[in-house]
Amino acid sequence: MQPDISSIGQQGPLRHQVIRGDKRTNPRMEDETLIEERNNLETCLAINRLCGDHRPISYGSILPVEIPPEEISRAQRFFHGKEPKSPTLSNSLKKRMLALYDGKRCPTCHTVMRHNRGIKFGHEIADAATIEHVIPRCLGGSNEKTNLTVRCNLCNRASGHTMNEWLQANRQNLSWMEIRRIVLYLWLEVFDIAKAETLYPALFTSFTIKRRSMEAPTQEVRT
């Protein structure tokens, strides 16, 4: 029986507590970076607008995007060497996913995506539909449909370059909390780009710069 992929890339329902662990009362969490992020999450306009005076009781609660707790847990186990890297997706699954999302919009930039059947391409086809692990396999992301999305080639490549540069710049002192930080950003980059900009401005700026640099130059129209 083939897995149901019709809901891949779609946002889940609203959640007040997206990540169950890491309570605000946990003293191990009280470093400057986490306090700053927690405060940003609590004062974010989207949260206030949707929830009124509700205050998230779990660090990492991000609305309106649902981040499956099991994906965060898996990434943490992977970081500590307790979880293997996910295998590559089968070609049959890739084909079915891409065909399903032909003509649909990229969740990040809303470009109408095209499934280029049987065509090998690089960066030159910006609107090509591409399969992406929201939490990359290299960071412990799974092949579950909750962690898969279809995004335009331009956004996918720009995101990958941004993440790789960040990993290279921070490779000397990577901690789980730093990995968790970029995991949260990557999820927002796919499903809520406005909030990604609000909460992680440096990463968002790097992504937008990369994306613009990869865009095909506009050809001059001669009269």
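1. In what follows, Ala, Val, Leu, Ile, Met, Phe, Trp, Tyr, Cys and Pro count as nonpolar, Asp, Glu, Lys and Arg as charged, and the others, Gly among them, as polar. The model is predicted, so that local features need pLDDT of at least 70 and side-chain atom pairs count only at pLDDT 80 or more, while totals for chains, interfaces and linings use all residues. Residues are numbered from 1 along each chain as its sequence is written, and side-chain values use heavy atoms, with hydrogens and water left out.

2. The largest pocket has a volume of about 850 Å³, and among the 30 residues that line this pocket, Lys94, Thr130, Ile131, Glu132 and Asn156 are the closest to its centre. A pocket here is an open set of points on a 1 Å grid over the protein atoms alone, where a 1.4 Å probe fits, with protein on both sides within 12 Å along at least five of seven lines, and lining residues have an atom within 4 Å of a point; the points are joined across faces, edges and corners, and the volume is the space filled by probe spheres set on them. By class, the lining comprises 11 nonpolar, 13 polar and six charged residues.

3. Helix H4 (91-100), strand S1 (129-133) and helix H5 (153-169) each supply at least two residues of that lining, and H5 gives the most, with seven residues. Helices (H or I, at least four residues) and strands (E, at least two) are DSSP runs, numbered from the N terminus.

4. Four of the five residues of S1 are buried, that is, under 20% relative accessible area with a 1.4 Å probe and protein chains only. S1 pairs with strand S2 (residues 148-152) in the antiparallel sense over five bridges, where pairing requires that DSSP find at least two bridges between the strands, and His133 stands opposite Leu148 in S2.

5. In helix H3 (residues 69-79), the residues Glu71, Ile72, Arg74 and Ala75 are buried. They lie on the same side of H3 because they cover an arc of only 160° around the axis, the arc being that of the directions from the helix axis to the C-beta atoms. The buried residues of H3 pack against helix H6 (176-191), with contact meaning heavy atoms within 4.5 Å.

6. His110, in the loop between H4 and S1, deserves a check, as its phi is positive, about 70°, although His110 is not a glycine.

7. Lys210, in helix H8 (residues 201-214), touches Ala158, His161, Thr162 and Glu165, not counting residues up to four places away in sequence.

Key. Buried means under 20% relative accessible area, exposed over 50%, partly exposed in between (1.4 Å probe, protein chains only).
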